[in-house]
Amino acid sequence: MKAKIGTNLEKVLQAGHFAVTVEVGPPRGGNPEVIKKKAGILRGIADAYNVTDNQTAVVRMSSLAGAKILYDEGLEPVMQMTVRDRNRLALQSDLLGAWALGIRNCLCLSGDHQKAGAGGKLKGHPGAKNVYDLDSVQLISVLKGLRDEGFQLSGDSVEQPVPFFIGAAWTPLSPPEDFRVLRLAKKIEAGADFIQTQAVFDVQRFKQAVEKAHEMGLTEKTAILAGIIVPRSAGMLKYMNNNVPGVEVPKELIHRLREAKDVQDEAFKVSVELIESVRSIPGIKGVHLQAIEAEEILPSIVEKAKLLPRPKI
Amino acid sequence: MIIGEWKPISEIIAKLLGYKKLLVVGCATCMAECAAGGEKEVETLAPLLKMAMQKNGQPIDIITKTLERQCEEEFIEELTPMAPKVEVIISIACGIGVQAVAERFPEIEVYPGVNTTSLAVREEPGLWAARCEACGDCILSETFGLCPIARCAKGLLNGPCGGTRKDGKCEVNEEVDCVWDLIVERARARGRLKDLLKIRKAKEWSNSRHGGPKRMLREDLRV
């Protein structure tokens, strides 16, 4: 990592600590208190907090606004930015605006297609016009240009560099599997300083994918944070295994939750075990935790996984 | 070819209320090939409309004609003797044909009977699939002859998103192949997977409709 942005996440990673990031989903309304409440619950358990960008293609408070609210609460945000809804003008303009407001970490994503609509649970906006003016790799390049060259995509100057700590996603277990590590390499070449992966449940297969990245020297060029989704039930795991591309859940794990006397307690144990197992994989520099709309469970998981207190740098 | 599909009959009927004389015009080119607007479909649609209008208590006289190519002036001229006899025209050509007829007969209402959907090939009998978006900046030479603009739901240029299903289908439609999975497969078969490592820069969209309505001028062909 050559970047010197000075974000907490960057400093934690550069100091060699095992990093923790946590996902904060913004509300479907405009009430800032929802984010503030989550900030209160999650304060101190992570090095940075991702704010999702209309995840599952459902309209929510913008990630920029959510990130700013977290920032004002004293939590370091990672603004997620998808290329689904904004063209290159809007993306760059929002990046400049975010930077002006103090946001310094940005995760570049393709975004769920507008037909996703929360897996059919909500209406969403399936009739929306498809933007995808840029793809996620090109968005990474845009951030790198703003930071390292002081130029917009067009080549116009931004007067002074706009440095972000640049993040990207990696879904190692989606087909075509042998290309996934090459796509990771492209994102790193484009400028990704850190990577947050698709949720890991099949640690063995994930480990094999990371080994490939490790052999290619990619784990030295970027900091890979393994994605962990806190499971809630066997049904949820089965659903994700069948319906969320890139998420592979071993049958034994689904069975384990199905047979558990206390599902919540077992899910808690599973989460801690997952964190511990990915932590032991060479080249994994941290975890990205997601407890979808159940963030209150995260502090105890992070504590149990012996990741507290978070380093102060 | 250009492909399209019939609008719901109810939508067409709603446009016909109050009219007594209708011309249904087909096109024997693309819309005939995709079984939406050729002679066969014209002769199927016309009686359906007649019956529906009759049932509504609004009987309508219908004449029919299928042109060789509804997008070209010389073929459209064949409608000249018929046009004065009708109050309304339903065209089941593509959107180009509809507009060409409307332009030739500005005094008559011309309505589309088809939704034009894509530039496509017939993959199997009764199955058509998109192949081209007319983006104005063809990159097929770099994607092993498979178009990610038309065939990737997100038009991605640097490889597949995380949404490829286990069976290689697209997250948006379980019947549609992830085109990037196909591109990678073809690259692999040719021993050229590394070609896909090149970062493709942001696409130039200005030679498509994003740069304003397209106009192509060939001085050498002008008279």
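This is a predicted model: local features need pLDDT of at least 70, side-chain atom pairs count only at pLDDT 80 or more; totals for chains, interfaces and linings use all residues.

Biologist: In which sense do strand 8 and strand 9 of chain B pair, and over how many bridges?

Modeller: Strand 8 of chain B, residues 169-170, pairs with strand 9 of chain B, residues 173-177, in the antiparallel sense, and there are two bridges. The two strands form a hairpin, with two residues between them.

Biologist: What holds paired strands together in general?

Modeller: Strands of a sheet pair through backbone hydrogen bonds, and the arrangement is either parallel or antiparallel.

Biologist: Now chain A. How many strands close into the barrel, and in what order?

Modeller: Eight strands of chain A close into a barrel, in the order 1-2-3-4-5-6-7-8, and their pairing is parallel. On average, neighbouring strands of this sheet are turned by 30° against each other, with direction ignored.

Biologist: Which helix packs on that sheet and touches strand 5 to strand 8?

Modeller: That is helix 7 of chain A, residues 203-215, which touches strand 5 (165-170), strand 6 (194-199), strand 7 and strand 8 of chain A. The direction of helix 7 makes about 130° with that of strand 5 of chain A.

Biologist: And over how many bridges do strand 7 and strand 8 of chain A pair?

Modeller: Strand 7 (residues 223-229) and strand 8 (residues 284-290) of chain A pair in the parallel sense over six bridges. As one instance, Gly227(A) has His288(A) in strand 8 as its bridge partner. Helix 11 of chain A, residues 263-279, lies across these two strands and runs at about 160° to strand 7 of chain A.

Biologist: On to the interface. How much area do chain B and chain A bury between them?

Modeller: They bury about 2600 Å², of which 56% is on carbon and sulfur atoms. In chain B, Lys154(B), Lys166(B) and Ile199(B) lose the most area to chain A, together 23% of what that side buries. The contact involves 31 residues of chain B and 33 residues of chain A.

Biologist: What is the count of salt bridges between the two chains?

Modeller: The count is two. Lys166(B) forms a salt bridge with Glu248(A), with the closest N and O atoms 3.2 Å apart.

How values were computed. Residues are numbered from 1 along each chain as its sequence is written. Chains are lettered from A and ligands numbered from 1 in the order in which they are written. Side-chain values use heavy atoms; hydrogens and water are left out. Two strands pair if DSSP finds at least two bridges between them. Helices (H or I, at least four residues) and strands (E, at least two) are DSSP runs, numbered from the N terminus. Axes are lines fitted to C-alpha atoms, for helices over the stretch in contact, and angles run from 0 to 180 degrees between N-to-C directions. Contact means heavy atoms within 4.5 Å. Buried area is the accessible area (1.4 Å probe) that two parts lose on being put together, summed over both. A salt bridge is a side-chain nitrogen of Lys or Arg within 4 Å of a carboxyl oxygen of Asp or Glu.
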